[in-house]
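Subject: Structure handover

Hi,

Here is the structure I promised to pass on. My notes follow below it.

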Amino acid sequence: MECNGCEFRSELYYDDQYQIWARREEDGTLTVGMTDISQTVAGKILHVRVRRPGTLRPIGKPVATIESGKWAGPVPNVFDCVIEEANHSVLEDPNLLNIEPYEAWIARVRPSGAVEDALSVMLTGDAAQAGYCERARREDIHCERGAR
């Protein structure tokens, strides 16, 4: 599904600003990445830094930082977690986030509490889709993917 050319995947969970997505893994971890909206707003991603595995990241403390030609800042964190691993492919080639934001995840994290509790603060399904499309339209964001 797309809104203004921005890909949306209904099976994922999103923060309320539609900057990050999370996917539940079978081992109890969550995979975290940037949304299509987020990678478009950031521009060409030049550098990604993920906190060291084993690091506790409370709500509000970033899991990673991203640098682009236009922007440098945190990958927001909306639940307490511990870093499990970074996506080494993205660390080596950050532009993968621009090419395929839903395949090129940033980090895997383990929620400090129950996975359901962590995901309960995120949006999914129809509610997420409505908010995602509303942000793309309101801010006139037209997503572009690919090497920049």
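R138 sits in helix 5. Keep in mind that this is a predicted model. R138 counts as exposed, because its relative accessibility is 52% and the cut-off for exposed is over 50%. Its side chain makes a polar contact with the side chain of E139, at 3.3 Å. I also checked R138 against N77. The two are 61 residues apart in sequence, and their C-alpha atoms lie 24 Å apart in space.

Now the other arginine. R135 also belongs to helix 5, which covers residues 125-138. Is R135 buried or exposed? R135 is buried, because its relative accessible area is 11% and buried means under 20%. Leaving out residues up to four places away in sequence, R135 touches Q17, Y18, Q19, I37, V41, D140 and I141.

Next, the cores. The largest nonpolar core has 28 residues. Which of them touch the most other members? They are V48, V50, I66, L97, I106 and V109. Several elements give two or more residues to this core: strand 4 (20-24), strand 5 (30-34), strand 6 (45-50), strand 8 (64-68), strand 10 (81-86), strand 11 (107-111) and helix 4 (115-119). A second, separate core holds 16 residues, including L12, Y18, A128 and I141. Y18 and I141 are also among the residues that R135 touches.

Last, V109 from the largest core. Again leaving out residues up to four places away in sequence, V109 touches T29, L30, V32, V63, F79, C81, V82, I83 and E84.

Best wishes

Technical notes: Residues numbered from 1 in each chain as written. Predicted model: local features only at pLDDT ≥ 70, side-chain atom pairs only at ≥ 80, totals over all residues. Heavy atoms only, no water. Helix = DSSP H or I, 4+ residues; strand = E, 2+ residues; numbered from the N terminus. Buried < 20%, exposed > 50% of the residue type's maximum accessible area, 1.4 Å probe, protein only. Contact = heavy atoms within 4.5 Å. Polar contact = N/O pair within 3.5 Å; in protein donor to acceptor, adjacent residues only side chain to side chain. Core = buried A, V, L, I, M, F, W, Y, C linked by side-chain atoms within 4.5 Å.
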